[in-house]
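I opened a new model today and kept notes as I went.

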Amino acid sequence: MSPDRPPYNPLDKRNLAESIVRALFEKPVSPLPPQDSFEGAGLYVIYYTGDFPVYNPIAELNRDNRFQHPIYVGRAEPPGGRRGGFGLDTPVGFYLQRRLEEHAESIRQARNLELAHFSCRYLVADTFWIPLGEALLIQNYRPIWNKLIVGFGNHDPGSGRYKQRKSYWDVLHPGRQWADRCQPNPLDESALIERLRKSLA
């Protein structure tokens, strides 16, 4: 063994994350949202295969059932999970299914996207492991809706809290009514498309 390479540790964070990601990619690709009802929290990837011109380099990697590059990576956890307030006995709920349904509704409302052009792959998992898998997926794939055109996963901030700027995602894919109540974003659609072209070149 090389002296500069430590012995393999199955409990190393990266090795644990890789095992979670492998389990996710062993799951079949489903329509968005999945047609069957299911319980549990977990993580997921969303794929795009449509004809929005600037996304073509990504869509081409996913067409013909290849599904090689997600456009978005996410997770769904019980309330309190992101604050560290969960335990191993967290009650089961439809957290992951509902999150995927929320994403499908956002895409339905977008005026320049078609829900039929999206698919997903998801893994029901113990809440303890979900953030670890999500972090590795984002690091490996750098999905553009996580890293560049952010805001897809945003929720309606509620009455009286629309002082925040409209997200990049809502500028590029207008249609969500609550987003129209937010403040204008200084970057317009053409600026975001140019940014995407340079990033995907």
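**Entry 1: helix 4.** I began with the buried residues of helix 4, and they pack against helix 1, strand 2, strand 3 and helix 5. I noted that this is a predicted model. Which residues of helix 4 are buried? I listed I130, G133, E134, L136, L137 and I138. I remembered that an α-helix has 3.6 residues a turn, so residues three or four places apart point the same way.

Next I checked the length. Helix 4 covers residues 130–141, which makes twelve residues. At 1.5 Å a residue, they should span 16 Å. The end C-alpha atoms are 17 Å apart, which agrees.

How many bridges join strand 2 to strand 4? I read off seven, and the two strands run antiparallel. I also saw L43 standing opposite L123 in strand 4.

**Entry 2: one histidine.** I picked H103, which is found in helix 3. Is H103 buried or exposed? Its relative accessibility is 1%, and buried means under 20%, so H103 counts as buried. Leaving out residues up to four places away in sequence, H103 touches Y44, I46, Y72, F152 and G153.

**Entry 3: the cores.** I turned to the largest nonpolar core, which has 34 residues. Among those with the most contacts inside it are L32, I46, F118 and I149. Elements that give two or more residues to this core include strand 2 (42–48), helix 3 (95–109), strand 4 (118–124) and helix 7 (189–200). Which helix gives the largest share? I found that helix 3 does, with four residues.

I then followed I149. Again leaving out residues up to four places away in sequence, I149 touches Y55, I144, Y168, W169, L172, L192 and L196. Last, I noted a second, separate core of 15 residues, including A17, I20, V21 and L24.

Conventions:
Residues are numbered from 1 along each chain as its sequence is written. This is a predicted model: local features need pLDDT of at least 70, side-chain atom pairs count only at pLDDT 80 or more; totals for chains, interfaces and linings use all residues. Side-chain values use heavy atoms; hydrogens and water are left out. A nonpolar core is a set of buried Ala, Val, Leu, Ile, Met, Phe, Trp, Tyr and Cys residues joined through side-chain atoms within 4.5 Å. Buried means under 20% relative accessible area, exposed over 50%, partly exposed in between (1.4 Å probe, protein chains only). Contact means heavy atoms within 4.5 Å. Two strands pair if DSSP finds at least two bridges between them. The expected span of a helix is 1.5 Å times one less than its number of residues.
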